[in-house]
Amino acid sequence: MTDSTDGTASADTAHRADRADRADSPTLRERLRALPVFGADLPGLDVDAAPDDPVTLFVDWLEDAVAAGVAAPHAATLSTADARGRVDARTLLLKDVGPAGWSFATRSDSPKGVALAENPHAALTFLWRERGRQVRVRGPVVPLGAEASAADFLARSELSRATALAGHQSATLASRRDYRAAWDAALARVRTEPETVLDTWTAYALEATTVEFWASSPGDGQARLRYTTSATAPRPGDEPSPGWTKELLWP
Ligand SMILES: Cc1cc2nc3c(=O)[nH]c(=O)nc-3n(C[C@H](O)[C@H](O)[C@H](O)COP(=O)(O)O)c2cc1C
């Protein structure tokens, strides 16, 4: 490295070199445009082979994502709107899918829990990027009751239960130290009283009224298939559901 007696001149040179570097390097906008979106060898969507029931197709795609090693294939974005129509969205983990709907769990006193109590209409969006697939599920959300909620809570890891018990989700936190103290106390409680259940912990099911499957496949463009029903999930003793209507959508 050359020693310089003129600090200003060398600073100017460095500044010019930095500007030249930046002129050569792509802008953020250019880099975003060049980023890859999907993986290779996408499975696409065979609309002619699609089953009559979207749950079957959803489980098929979820199993495909698991087998392909997609990270957190059970993570979805839950979108809600409160009574005033203010929309919010956050990531959640899917707990199960079946005739009762798409289930997840959270606190009923969290912002999303409060929004769902005011307005049960919600959407879950799954993205399996590496497989070029997206699924959008829409419909009303119903709480699954105390027993299912407690079972979900007790099936969580000790650390997750401690996190839930430590404090009020989404409330303002004064400091990380406060959090750490509350979390340590909650973890100790979980370990000494393993049957403790957070009373606001709630398992919910989204009873789908529309389920839309989107797939990209190289050489075949994009495909969209929407399932719609006017019926909500069957309850014990209900008449069988009238079924689903399938429609293609313009991508
Ligand atoms: C991958 C991932 C999974 C998550 N899973 C859950 C979950 O199952 N339940 C939950 O209450 N929050 C979960 N969260 C946290 C939520 O995204 C959110 O921060 C929290 O629930 C507060 O949301 P709210 O303020 O809209 O109520 C998860 C976050 C991530 C990134």
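This is a predicted model: local features need pLDDT of at least 70, side-chain atom pairs count only at pLDDT 80 or more; totals for chains, interfaces and linings use all residues.
**Core**

The largest nonpolar core has 35 residues. Those that touch the most other members are Trp-102, Leu-124, Val-135, Val-137, Tyr-204 and Leu-206. Two or more core residues come from each of several elements, among them helix H3 (54-67), strand S1 (75-81), strand S4 (101-107) and helix H4 (111-118). Strands S5 (121-128), S6 (133-143), S7 (201-206) and S8 (210-217) also give two or more residues each.

Tyr-204 has contacts beyond its neighbours within four places in sequence. These contacts are Ser-103, Phe-104, Ala-105, Leu-116, Val-141, Val-142, Pro-143 and Leu-144.

**Ligand shell**

The ligand is surrounded by 15 residues, and the closest are Arg-90, Thr-106, Ser-110, Lys-112 and Ser-170. Strand S2 (87-93), S4 and H4 each supply at least two residues of this shell. The largest share is that of S2, with five residues. The table sorts the shell by class.

| Class | Residues in the shell |
|---|---|
| Nonpolar | seven residues |
| Polar | five residues |

**His-121**

His-121 lies in strand S5. Leaving aside neighbours within four places in sequence, His-121 is in contact with Ala-81 and Pro-140. Ser-79 is 42 residues away from His-121 in sequence, and their C-alpha atoms are 9.0 Å apart in space.

Definitions and conventions
Residues are numbered from 1 along each chain as its sequence is written. A nonpolar core is a set of buried Ala, Val, Leu, Ile, Met, Phe, Trp, Tyr and Cys residues joined through C-beta atoms within 7 Å. A residue is buried if 20 or more other C-beta atoms lie within 10 Å of its own, exposed if 12 or fewer, and partly exposed in between; C-beta atoms are placed from the backbone. Helices (H or I, at least four residues) and strands (E, at least two) are DSSP runs, numbered from the N terminus. Two residues are in contact if their C-beta atoms, placed from the backbone, lie within 7 Å. A residue is near a molecule or strand if its C-beta atom, placed from the backbone, lies within 6 Å of it. Ala, Val, Leu, Ile, Met, Phe, Trp, Tyr, Cys and Pro count as nonpolar, Asp, Glu, Lys and Arg as charged, and the others, Gly among them, as polar.
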